[in-house]
Amino acid sequence: MGENFKANLRDQLSYLGMTVHELSEKSKISKRTIENYLSKRGSIPPADYACRMADALGVSVEWLVMGTDEKKSYEFPEDEELRSLVKKMASLSPEVKDAIRTLVFAAAKNHAASQA
């Protein structure tokens, strides 16, 4: 069972292009603890940690721990160009991702204000 959790956690982090550090910040679980879950030991977290990580990753706890439930619906772009862009962003450093995120949110806010 620990192997399912470890593989699902690793897969979802990769899918989202999220680092362990980012998951740590979103879930309020220490980076070291998450790294331990991804290590060769591959232990299963307590229920409250599993819930916090699943929420931060946008998946159900059942899927994260057991792999038996469908992932929560995550709005991944259907547009191929946008999907390609998101996948390329996965390889960027956290600092560059933050800069791009800031730029995108500022552009979206500016666009929304101009539409009002």
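Predicted model: local features only at pLDDT ≥ 70, side-chain atom pairs only at ≥ 80, totals over all residues.
## Overall make-up

The protein chain holds seven helices and zero strands. Read from the N terminus, its elements follow the order α-α-α-α-α-α-α. The chain has 116 residues, and 30% of them count as buried.

Among contacts in the protein chain with a separation of 6 or more, 50% join residues 24 or more positions apart.

## The nonpolar core

The largest nonpolar core contains 20 residues. Within this core, the residues with the most contacts are Leu9, Leu13, Leu23, Ile34, Met53, Leu57 and Leu64. Two or more residues come from each of helix 1 (2-16), helix 2, helix 3, helix 4 (47-57) and helix 5 (61-66). Helix 4 is the element that gives the most, with five residues.

Leu57 illustrates how this core is connected. With neighbours within four places in sequence left aside, Leu57 is in contact with Leu9, Gln12, Leu13, Leu16, Met18, Leu23 and Leu64. Of these partners, Leu9, Leu13, Leu23 and Leu64 are also listed, like Leu57, among the core residues with the most contacts.

## Helix 2 against helix 3

Helix 2 spans residues 20-27 and helix 3 spans residues 31-38. Their axes are 9 Å apart, and the two helices pack at an angle of about 120°. Angles of 65 to 115 degrees count as roughly perpendicular, and helix 2 and helix 3 are therefore classed as oblique to each other. Helix 2 passes helix 3 in a right-handed crossing.

On the helix 2 side, the contact is made by Val20, His21, Leu23, Ser24 and Ser27. Helix 3 contributes Lys31, Ile34, Glu35 and Leu38. Sorted by class, this contact between helix 2 and helix 3 has four nonpolar, three polar and two charged residues.

## Helix 2 against helix 4

The axes of helix 2 and helix 4 come within 9 Å and cross at roughly 115°. Helix 2 and helix 4 are therefore roughly perpendicular to each other. This crossing of helix 2 and helix 4 is also right-handed.

Leu23, Lys26 and Ser27 of helix 2 make the contact with Arg52, Met53, Ala56 and Leu57 of helix 4. By class, the contact of helix 2 with helix 4 comprises four nonpolar, one polar and two charged residues. Leu23 and Ser27 take part in the contact with helix 3 and also in the contact with helix 4.

## The loop between helix 2 and helix 3

Lys28 and Ile29 both lie in the loop between helix 2 and helix 3. Lys28 is exposed, with a relative accessible area of 66%. Ile29 has a relative accessibility of 2% and therefore counts as buried, the cut-off for buried being under 20%.

Lys28 also has an entry of note in its backbone. Most residues other than glycine have a negative phi. In Lys28, phi is near 60°, a positive value in a residue other than glycine.

Ile29 touches Ser24, Ile34, Tyr49, Arg52 and Met53, not counting residues up to four places away in sequence. Among these partners, Ser24 and Ile34 also belong to the contact of helix 2 with helix 3, while Arg52 and Met53 belong to the contact of helix 2 with helix 4. Ile29 and Met53 are 24 residues apart along the chain, and their C-alpha atoms are separated by 8.1 Å.

Methods: Residues numbered from 1 in each chain as written. Heavy atoms only, no water. Axes fitted to C-alpha atoms, helices over the stretch in contact; angles between N-to-C directions. Helix = DSSP H or I, 4+ residues; strand = E, 2+ residues; numbered from the N terminus. Parallel < 35°, antiparallel > 145°, perpendicular 65-115°, else oblique. Left-handed = near helix turned anticlockwise from the far one by under 90°. Contact = heavy atoms within 4.5 Å. Nonpolar A, V, L, I, M, F, W, Y, C, P; charged D, E, K, R; others polar. Core = buried A, V, L, I, M, F, W, Y, C linked by side-chain atoms within 4.5 Å. Buried < 20%, exposed > 50% of the residue type's maximum accessible area, 1.4 Å probe, protein only.
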